[in-house]
Amino acid sequence: MSTAPAEAVGPLMRGVAVLRALSDADGRLSLGELVRATGLARSTVDRVAATLARMGYLRLDGPTATLAPRLMELANAYLGALRLPALLGPYAVRLAEELDESVSLAVPDRDGIRFVHQSTRRRAMSLTFRIGDLLPAERTAPGPLFAAHWTPEQWRAWHRRRAADPAGLAFPAAPPAGAGAGITPGTGAGDFEERIEAARTASWAVDDQLIEPGLIAVAVPLRDPAGIPVCALSVVSHTSRHSAESLRKAVLPRLRAAATAMESELARDHTPAPATPHALAAWTSASKQELGSEFVESLARGLTVLTAFGTDRAELTLSAVAEATGLARATARRALITLDHLGLVATEGRAFRLTPRVLALGGPPLSRTTLSDIAAPHLAALVRTVHDSASLAVLDGDAIQYTARVATTRIMSVNITLGTRFPAYAASMGRVLLAGLDAGERAARLSPTELSPLTPHTVTSRDELASILDRVADQGYAVVDEELEEGLRSIAVPVRDADGRAVAAVNVAMHTTRRTVPECLTEVLPELRATAAAIEADLHVVGRYCRTPLS
């Protein structure tokens, strides 16, 4: 990287280095490993980590730092400004369903490509990249489509990179190129130029096992009115299902039709509603006063600048950034200079915009985060507060399935393992999830189910159960008292996605001697609701542009 400008903010540069190192390491490193990965002093790493933890961007578990879901708000700022995932994602989902293959959207990023959307097919042989993964252009199907429009400077940069890093080690999402990886053909300068000329003529390109053996892809461009590709639409498969040629024949007509529909969607007028500025400067000042030297305010303020961009704020002037963040113009200006130097912001006249490089700040590992991963630290905090076991479950047919759990340390405690299934009608989490369904779906799930008495207290009357579920829907929680197992009492609340649907439930379970039902409502329910709200906040950030698996 070139020498930093004199006005660059050093702490911001160091904070970005830490986030990139964690992202490249799949989101988790010890503080000592961060020192080695970044070359920073241990005291610097400690202060950066403490600041990022205060921002909610990472978790510190003893000596280990783990990227936290809230960090995805940086990637979301770029993806919102880009508009492509929101506008074209539904088309990609339908195409994946029609073809029964994985579908991707990628954008150019210097001499590479970066993924901004994935619609995957669930198979034992999974074929997908993560949101934000960066791949070398010469080893991909979209690469030749973008390279056909490279400037001479971009070609010089490509040749410099190839000479300095022939194995592609700077692309952690791709296996190293070379004979040992079985990836040698089609990646040299001459081969790449031939593929570019073929793509320029045919308006499609293929990756025939250039990324890794067995993986094949076909891509077509999506162009702006000037004819320049703004992104590429790809279908990815495996040689166990197709050859590169049979995949092209099978999907290219449908791929081109989808691309035409997507280009029409992009050409429509999409005027977004005004968004509320973040104005986080006051928060950073308060954190500095509270934490003192452990909080690096210039780092926090610099990252805040990234969140000034978004769906209706793709390009901002310096004044607009300062207004959105609540920062002084001079502070915002230095942050933008630094972010421009780091390649996270690009300048066009008086306007600034985010670049795809922002996705490198946690996007790849966090885009694969499951709801169970999101819930685990929040469940652990709940258990430390209420001193009873807490769990997360999802609805599977007429049963619930435990997908996350933190047990309390007691001689007598509730012992349930992950994957355990219980009938939904007799479990607190099951009743919360059944209550969240409309009448038709609720009936469809319960009609084939025999309401067997699991204990003398189990409700087996369908009319009584219906009344209970209606009450649970109104009050937003369920208490089950010795209906699933004698001596077991539990209380549960729903976890809702951004559309308000109950996608999971969390509960606290205990022996009946621990608390009365009224005590559960006064002592446990508020903490349980706060935990669900915290899980939902993380889920909404991670799931804004990425599909979040429930388990």
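Helix α19, residues 517-542, lies across β16, β17 and β18. Its direction makes about 30 degrees with β17. Angles here run from 0 to 180 degrees between N-to-C directions, with axes fitted to C-alpha atoms, for helices over the stretch in contact. Helices are DSSP runs of H or I with at least four residues, strands are runs of E with at least two, and both are numbered from the N terminus.

Ground rules next. This is a predicted model: local features need pLDDT of at least 70, side-chain atom pairs count only at pLDDT 80 or more, and totals for chains, interfaces and linings use all residues. Residues are numbered from 1 along each chain as its sequence is written, and side-chain values use heavy atoms, with hydrogens and water left out.

Back to the sheet. What is the strand order? It is β15-β14-β13-β18-β17-β16, six strands in an open sheet with antiparallel pairing. Two strands pair if DSSP finds at least two bridges between them. The edges are β15 and β16, and each pairs on one side only. Neighbouring strands are turned by 30 degrees against each other on average, direction ignored.

Val-479 stands opposite Ile-491 in β17.

Now a helix pair. Helix α16, residues 428-435, packs on helix α18, residues 462-475, at about 80 degrees. The axes are 8 Å apart. That angle makes α16 roughly perpendicular to α18, a label covering 65 to 115 degrees, with under 35 being roughly parallel, over 145 roughly antiparallel and the rest oblique. Who touches whom? Arg-431, Val-432, Leu-434 and Ala-435 in α16 meet Leu-465, Ile-468, Leu-469, Val-472 and Ala-473 in α18. Contact means heavy atoms within 4.5 Å. By class, that is eight nonpolar, no polar and one charged residues. Nonpolar covers Ala, Val, Leu, Ile, Met, Phe, Trp, Tyr, Cys and Pro; charged covers Asp, Glu, Lys and Arg; the others, Gly among them, are polar.

Salt bridges. How many does a search of the whole structure find? The count is 32. The criterion is a side-chain nitrogen of Lys or Arg within 4 Å of a carboxyl oxygen of Asp or Glu.

Take Asp-396 and Arg-421, at 2.5 Å, N to O. Asp-396 sits in β13, residues 389-396, and Arg-421 in β15, residues 421-423, so this pair links distant parts of the chain, 25 residues apart. Asp-396 is partly exposed at 35% relative accessible area. Arg-421 is partly exposed too, at 41%. The scale is: buried under 20% relative accessible area, exposed over 50%, partly exposed in between, with a 1.4 Å probe and protein chains only.

Next, Asp-470 and Arg-442, with the closest N and O atoms 3.3 Å apart. Asp-470 is in α18 and Arg-442 is in α17, residues 439-446, 28 residues apart. Is each one buried or partly exposed? Asp-470 is partly exposed at 42%. Arg-442 is buried at 13%.

Arg-160 and Glu-153 also form a salt bridge, at 3.1 Å. Their relative accessibilities are 48% for Arg-160 and 40% for Glu-153. There is a network as well, linking Asp-111, Glu-138, Arg-161 and Arg-162.

Over to another set of strands. β4, residues 102-109, and β5 run antiparallel, joined by seven bridges. Ala-106 stands opposite Phe-115 in β5. The two strands form a hairpin with two residues between them. In that turn, Arg-110 has a positive phi of about 55 degrees. β5 also pairs with β6, residues 134-136, antiparallel over three bridges. There, Gly-112 has Pro-136 as its bridge partner. Why call β5 largely enclosed? Because eight of its eight residues, 112-119, are buried.

Last stop: covered helices. In α4, residues 72-82, ten of the eleven residues are buried. Among them are Met-72, Glu-73 and Tyr-78. Just after α4, Arg-83 takes a positive phi of about 75 degrees. In α11, residues 297-306, eight of ten are buried, including Glu-297 and Thr-304.

Finally, Ser-23 in α1, residues 10-24. Ser-23 is buried, at 4% relative accessibility. Leaving aside neighbours within four places in sequence, Ser-23 is in contact with Leu-67, Ala-360, Gly-362, Gly-363, Pro-364 and Pro-365.
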